[in-house]
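Trainee: I have a new structure to look at, and I'd like to learn how to read it. Could you take me through it step by step?

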Protein chains: 2
Amino acid sequence: MTVDLVFEDGLIPVIAQDTESGRVLMFAYASPDAVEQTEQTGLAHYYSRSRDELWQKGATSGHVQHVEEIRVDCDGDALLYEVDQEGGACHTGYESCFYRTVEETVAREDASIAVSTTETGEQLFDPDEVYE
Amino acid sequence: MTVDLVFEDGLIPVIAQDTESGRVLMFAYASPDAVEQTEQTGLAHYYSRSRDELWQKGATSGHVQHVEEIRVDCDGDALLYEVDQEGGACHTGYESCFYRTVEETVAREDASIAVSTTETGEQLFDPDEVYE
């Protein structure tokens, strides 16, 4: 079955999951080029909205993601990279970017909210040693 | 640690993962109200961009998500709901919305891309019987 991918403002949301641990590692966005390069090289590529550029995960840190499978959702507007992660996925040194568990939500006056959290993830490396 | 959640156009991306199978079930968005109601009721709430309304997952189908844990990512701009899913998460009847595996990417002339896929997920129910 052929699925047209839906890019919103040129990007599609991507979830990366570790195939071995099953942990959700990170959430990011991909451009059409990033999806194509991921499929062709077997290494996870994303699009950095803050740096406005195509980005191979691990290009600086060496913490690359070997993509074993790409999955697409029912509406064709989100992707799931099933990966074998070298090192940690998060730039903070944690295995997963989702290393904090929400204890409580705190309503703000501007109708936004904050959350109190506890750290429940495992820090694998010192970011100061990996990123200069 | 208190984390200010980042809402873009009033919404934050949410990934739902099944705690038992470890499968990523779906990707959606939540408003501040949706996050608060999720935390307070223990049932997953989202914000539907197409219907422009707060939405309790399973309100129509009965396929509710009992949220065992909410996690927040390093930048405070994405959430992970760890859930116990009743029935299937996807409106197509599949356990997960990510029931298709990408075989190949196909470049389109408009710089977008399509993907050829195979179905690798399990269909749990007939959507015609659940949604009228």
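This is a predicted model: local features need pLDDT of at least 70, side-chain atom pairs count only at pLDDT 80 or more; totals for chains, interfaces and linings use all residues.

Mentor: Happy to. Residues are numbered from 1 along each chain as its sequence is written, while chains are lettered from A and ligands numbered from 1 in the order in which they are written.

Trainee: How many residues of chain B are in contact with chain A?

Mentor: A contact means that the C-beta atoms of two residues, placed from the backbone, lie within 7 Å. By that rule, 42 residues of chain B are in contact with 41 residues of chain A. On the chain B side, β8(B) gives the largest share, six residues. Strands like this one are DSSP runs of E with at least two residues, and helices are runs of H or I with at least four, numbered from the N terminus. The chain B side divides into 25 nonpolar residues (Ala, Val, Leu, Ile, Met, Phe, Trp, Tyr, Cys and Pro), seven charged (Asp, Glu, Lys and Arg) and 10 polar (the others, Gly among them). The copies meet through the same surface, because 98% of the interface residues of chain B are also interface residues in chain A.

Trainee: What about the fold of one chain?

Mentor: Chain A has two helices and nine strands, running β-β-β-α-β-β-β-β-β-β-α from the N terminus on.

Trainee: In what order do the seven strands of the open sheet run?

Mentor: Strands pair if DSSP finds at least two bridges between them. The order is β1(A)-β9(B)-β8(B)-β6(A)-β7(A)-β2(A)-β3(A), with mixed pairing. At the edges stand β1 (2-4) and β3 (24-30) of chain A, each with a single partner strand, so one side of each has no neighbour in the sheet. Within the sheet, β2(A) pairs with β3(A) in the antiparallel sense over six bridges, and A16(A) stands opposite M26(A).

Trainee: Is C90(A) buried or exposed?

Mentor: A residue is buried if 20 or more other C-beta atoms lie within 10 Å of its own, exposed if 12 or fewer, and partly exposed in between, with C-beta atoms placed from the backbone. C90(A) has 23 within 10 Å, so it is buried. C90(A) sits in the loop between β7 (79-85) and β8 (100-107) of chain A. Leaving out residues up to four places away in sequence, C90(A) touches M26(A), S96(A), C97(A), Y99(A) and, in the other chain, C74(B). For chain A as a whole, 40% of the 132 residues count as buried.
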